[in-house]
Amino acid sequence: MSTQLTISPSPHISADSSIPKLMYGVIIALMPAFFVSIYFYGIGALLITFTAIVSCILFEFLIQKYLLKSKISISDGSAILTGLLIAFNVPGSLPLWIVVIGSLVAIGIGKMSFGGLGSNIFNPALVGRVFMLISFPVQMTSWPKPRILDFSFTDAITGATPLALVKEGLKNGEQFHDIISKAGISYSDMFIGNLGGSLGEISALALLIGGIYLLMKKIISWHIPVSVLGTMFVFSGILWLTNKNIYADPVFHLLTGGALLGAIYMATDMVTSPMTPKGQIIFGVGIGILTILIRAFGAYPEGVSFAILIMNAFVPILNIYTKPKRFGEIKIQSKE
Amino acid sequence: MLKTFSKGGIHPPENKFSVDKAIEVLPLPQKVSIPIAQHIGAPATPVVNKNDEVKTGQIIAKSAGFVSTNIHSSVSGKVVKIDKIVESSGYKKTSVVIEVKGDEWVETIDRSLDLKKEITIEQSDIINKILDAGIVGLGGATFPSHVKLSVPKGKKAEILIINGVECEPYLTSDHRLMLEKGEEVLVGTKILMKALGVTKAIIGIENNKKDAIEHLISLSKEYDGIEVNALKVKYPQGGEKQLIQALINREVPSGGLPIDVGAVVHNVGTAYAVYEAVQKNKPLFERVVTVTGDSIQKTSNFIARIGTPVSELIEAAGGKPDDTGKIVSGGPMMGKALNSLDAPVTKGTSGILLFPENKAHRKETKPCIRCAKCVSVCPMGLEPFLLMTLTQKRLFDKVEKENALDCIECGSCSYTCPADRPLLDYIRLGKSNVSQIIRSRNKK
């Protein structure tokens, strides 16, 4: 026998899955929302998305090649996904140079400083977003009005997100349903995406389609999205029932802001979410509660990003204290 | 809804190429090497010497303790040496090498193919008969069968479970056996029931073997107390604990044995061997072996004598394809990669699997992205990623606390990992260290 045989321990076969496949799966799931963003925000959406993706790939490449001198892993799809999510979390009129800075912070501080893919504690795209929000509050909260299929470069008329409108109105002593009816935003608009907001968060419909795709492909499990959205619904519902004038109703909370984008695509980021179903549910409930607390009582109109980042910090401890139920957990009683 | 186990599990491509190939008798080899340790437990003690003439079915090594069993010659001929020969583990193990001359069987063996249904053996004699015949678990674990039938004091067997799951991809030996020797398997089951003093037995078969399920269901009508259950196709359903939970919904406690929940599990191949031993007086010296692979010419199910070199089986299946890069004894999930084609078929060899070169290698390991797929597929509810990390850091007290010893080494974690991390390799390492630590702790 002349040929060399390979010797390795079992198993000798492996599933047809890989990190790029998972990453591109999420990217595919985000495509409906991407098309909606182009539909409502035109060329600006396209430019921001392109800039964010290219800068994320470029920064990851530069850092790996010159700073870390490690293997280049930009083809695994995770930098593209981070770029896409950064773009989805900013207004359609954000100056591109801010997008580039946000991408640098996301990749450089959010991801590579921890050791790259798999080692980061916080969701990189959200690190980038929160950095931009705090550093450039004006630009980050100037929302162009959605204009269907308008690809001109004219300065858009700025509107505000429904969440910001409500926050502002409530502060001025107006009542919730008056604010909504005055702004003329219907729930069907919110569902389709015809409202002011970050590029990727506007269309509940598009995000839900992608979410179903992710669930079907088993890229994510139901635990995090359901616990985040369920908690938001219940908690905001309780507040709303106590006083319908000063608290927004639960459906409004789910359809506006980053609720769906956060619950389905950001909180489920594998690297920064807990490993066990139990942990994932606690994590999701935490995000839901924090989001509503920030939205109802905090200074910012929107709280999903902060809520996810705060809960990201609890992931290691959740991993330690939540264990899956072991098979045959009951130890045998030692007989006499 | 078909029954299955509740926790984890995977469904790899089944690739049961040899499913329609009837069992063929493999021509006798010129030489066999029969290891004296083909079972879990103490190696048997050789009772023949160099130059002895032996007959087919003659005992050549005697059980050396309770957890041990007899070894028989699988051919007639002359013992040419008793020496260390490389076997499927890759290590050299003491083996009896016999040069084949003719095929003269021990006279007491009933060589007729007639089915013998009537069970005349006394209950108390069955266990000894099984030990005499050298029967071990033929599903691959090779645990001596008489030990499993000796119910410890204070425990009571309530149900016998016959494992016809064959959840490993590629393998078809049990499937063919159930189709072609169904009635014998049922008689063997009856004998096992008698040995245990139970009135109920369930044969669990995965639903990708519908013909075997139907066949056994129709046959089983004649056999009181034997039930045939179809199971959803899910790996590792052939694991004892998984199968018990799937069929009777009882969870074997961590660190416990099936008997702790009143169950005893035997493989269909074992049931067939028991039939042959008790009804035909034939010891275990041959078994059904699937020879298969992606590019093998003629995938086959052979009945091969123990000790036959693997090369002979591959030859009979059309020869080794040029692109062969890895040869596995057993299934793709739990089998062992062979380093030599001279390795003999042993009692635990359920299949010989040839992988082409392009499927012989592992993929490059990438960083863990904490996707938790390993946690969700683990049938024992463990956290493979954690056990790997803890082992890498040599934190063996934590490895123990995280129930590493519960791991059944099914390989679902490594199979499913998108970062191709060698999770099971590290868990094995962790387990062996933990076992060592426990042993030395118990000595004190």
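**From the chains to a helix pair**

Modeller: Chain A has 35 residues in contact with 55 residues of chain B (contact means that the C-beta atoms, placed from the backbone, lie within 7 Å). On the side of chain A that touches chain B, 17 residues are nonpolar, twelve polar and six charged (Ala, Val, Leu, Ile, Met, Phe, Trp, Tyr, Cys and Pro count as nonpolar, Asp, Glu, Lys and Arg as charged, and the others, Gly among them, as polar). The model is predicted: local features need pLDDT of at least 70, side-chain atom pairs count only at pLDDT 80 or more, and totals for chains, interfaces and linings use all residues. Residues are numbered from 1 along each chain as its sequence is written, and chains are lettered from A in the order in which they are written.

Chain A contains 14 helices and two strands (DSSP runs numbered from the N terminus: H or I of at least four residues for helices, E of at least two for strands). Its C-alpha trace spans about 80 × 60 × 30 Å along the principal axes. Of the contacts in chain A between residues at least 6 apart in sequence, 73% join residues at least 24 apart.

Within chain A, helix α13 (residues 277–297) packs against helix α14 (residues 304–321) at an angle of about 150 degrees, and the axes are 9 Å apart (axes are lines fitted to C-alpha atoms over the stretch in contact, and angles run from 0 to 180 degrees between N-to-C directions). α13(A) and α14(A) are therefore roughly antiparallel (over 145 degrees; under 35 is roughly parallel, 65 to 115 roughly perpendicular and the rest oblique). Residues making this contact include A:Phe283, A:Ile287 and A:Leu290 of α13(A), and A:Ile310, A:Phe314 and A:Leu318 of α14(A). By class, the residues of the contact divide into 14 nonpolar, four polar and no charged.

Notes
Two residues are in contact if their C-beta atoms, placed from the backbone, lie within 7 Å.
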